[in-house]
Amino acid sequence: MERFTIIENFIPKNDAHLLEKAEAAKPVLLERMVLPLAGNVPASLGAGESATYDFGTHRVGYVTLKLGCSGSHPDAPAYFTVQFAEQRSEFEEDPAAYHGWISKGWIQTETLHADRLPCVVSLPRRYAFRYVRLTVLDVSRKYRVVPEGIECRAVSAVDAASVPALGSGDEMLDRIDAVAVKTLAECMQDVFEDGPKRDRRLWLGDFRLQALADYATFDRLDLVRRCLYLFAGTRFPDDRIAACLFTDGEAVADDTWFSDYALFYPVALAEYCQRSGDRETLSDLYEIAQKQIDLTLSMTDGNGVVNHAFVEATFIDWCIGLDKAACAQGVLLYALPFGITLAELQGDTARAARYRDALERGRAAAKERFFDGQCCVSNGQIAPASAVWLTLGGVLTEAEAKEALHSVLSRTTAYPMVSPYLHHYLLEALLKANDPNAAKEHLLAYWGSMVRYGADTFFEVWNPADPDASPYGGKIVNSFCHAWSCTPSYFLRNRLL
Ligand code: RAM
């Protein structure tokens, strides 16, 4: 399902004062030299032969290779590739066979020459990987390449080992939590990246979930504050907050707007302000945050139901064919109480009253339009996502929500939840429906199945029934360390145990 927008001549509106504040909160990255723990490394390599290194767990960093030679003096360059894989199965994919809709540029492969041996080769990019494969493409018949060593300068804003183990008494829950903490740590770089392999940038929907998991683990409020300032500091000319920012270099808003993601800005700001008590950030960012809600309200009809343009611009999930009308309405109703919290913190009583009114009307209209007494139905379609978001929007009573969620989860659907991002909101919905046991069971089943599959970090997309699924047209560009899947730590540490 292709999903991208191009706005001709897009010039983001930048606010130097806000960007300066973001810059001042830029973290100093921790660095650690790490070596492989295992591998299959022959003493020397001829044309077509490979060495594979296993670093034992997921790493994000800069890699250096040491190459020597044996035999006669090298009379031709060593010509070789270095491939990086988060999951070993990525090595089985043929990059040439990938013709999906996002760039092949994300495939972590380098083809290089070494003119002189022995030598130290510093690979040009920052990589996300557990496995590295060095393959000699060609070398003269007079000598062989000796793979003498490899090391990685691993980087992160935090040290995963600084978070005490969960210690729940349940081995699987402890393991899920540890993998979630590791996932979050790997994504905590200069900003909360969505994935260190891809897209390596600050996405708003991912960021809100990272912040929640961060409060339960590293509690790096400075990094959350930095990202809040970044989103506000470079935005659409009409003040909409972009779905993501490029932050490698000067921060620049992408010309992509997701209506649901924009609403997570006031959500994330309210949560940050409640957690930190930081009044300065609240007053700096208050108007921009509330503008996201005001803009959405201007896209509703007389009954408070979001219009087609708003629905079209939502993300919700990578599920193909999902009817998003009910979800979009649910996201607005979910965000409004956070807008009310912000207004109360800021003493903006008129706005709080306006949002309360919109909430009440929007909920009533949503119930009438999207609930048939048992199921959540979005333009004739019954899908888990609709039940999740109408529950979170407070459209259903606790009992109705429980029934709607269980009934949709028990039937086979053509519109399954495919991202851990939506599974996060399913857990939130089950908790809102006062069903913590079901939430815990789902966490164990869904994230546990990734652990059983061999995850060192949690994946961007995961359907246990279809482990090779990719929204991009090829698994080789999927990210296997993805921020929006790190929230088991939030649930286990703050909500479930
Ligand atoms: C993908 C990225 C990112 C997500 C968007 C919507 O491109 O994985 O994490 O927020 O989709």
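## Cysteines

There are zero disulfides in this structure, a disulfide being a pair of cysteine sulfur atoms within 2.5 Å. C227 is in no disulfide, and the nearest cysteine sulfur, in C187, sits 12 Å away. C227 is also buried, at a relative accessible area of 0% (buried means under 20%, with a 1.4 Å probe and protein chains only). As for C481, its sulfur lies 4.1 Å from the closest cysteine sulfur, that of C187, which is too far for a bond. C481 is buried too, with 0% relative accessibility.

## About the model

This is a predicted model, where local features need pLDDT of at least 70 and side-chain atom pairs count only at pLDDT 80 or more, while totals for chains, interfaces and linings use all residues. Residues are numbered from 1 along each chain as its sequence is written, and side-chain values use heavy atoms, leaving out hydrogens and water.

## Largest pocket

Lining the largest pocket are 23 residues, and R3, W101, D199, R201 and W203 are the ones nearest its centre. (A pocket is an open set of points on a 1 Å grid over the protein atoms alone where a 1.4 Å probe fits, with protein on both sides within 12 Å along at least five of seven lines; lining residues have an atom within 4 Å of a point.)

Domain 1 (13-27 + 163-496) and domain 2 (30-156) each give at least three residues to this lining; the domain bounds come from an automatic or database assignment.

## Largest nonpolar core

The largest nonpolar core has 148 residues, and F207, Y261 and W389 touch the most other members. (Such a core is a set of buried Ala, Val, Leu, Ile, Met, Phe, Trp, Tyr and Cys residues joined through side-chain atoms within 4.5 Å.) Domain 1 and domain 2 each supply at least three residues to this core.

Key:
Buried means under 20% relative accessible area, exposed over 50%, partly exposed in between (1.4 Å probe, protein chains only).
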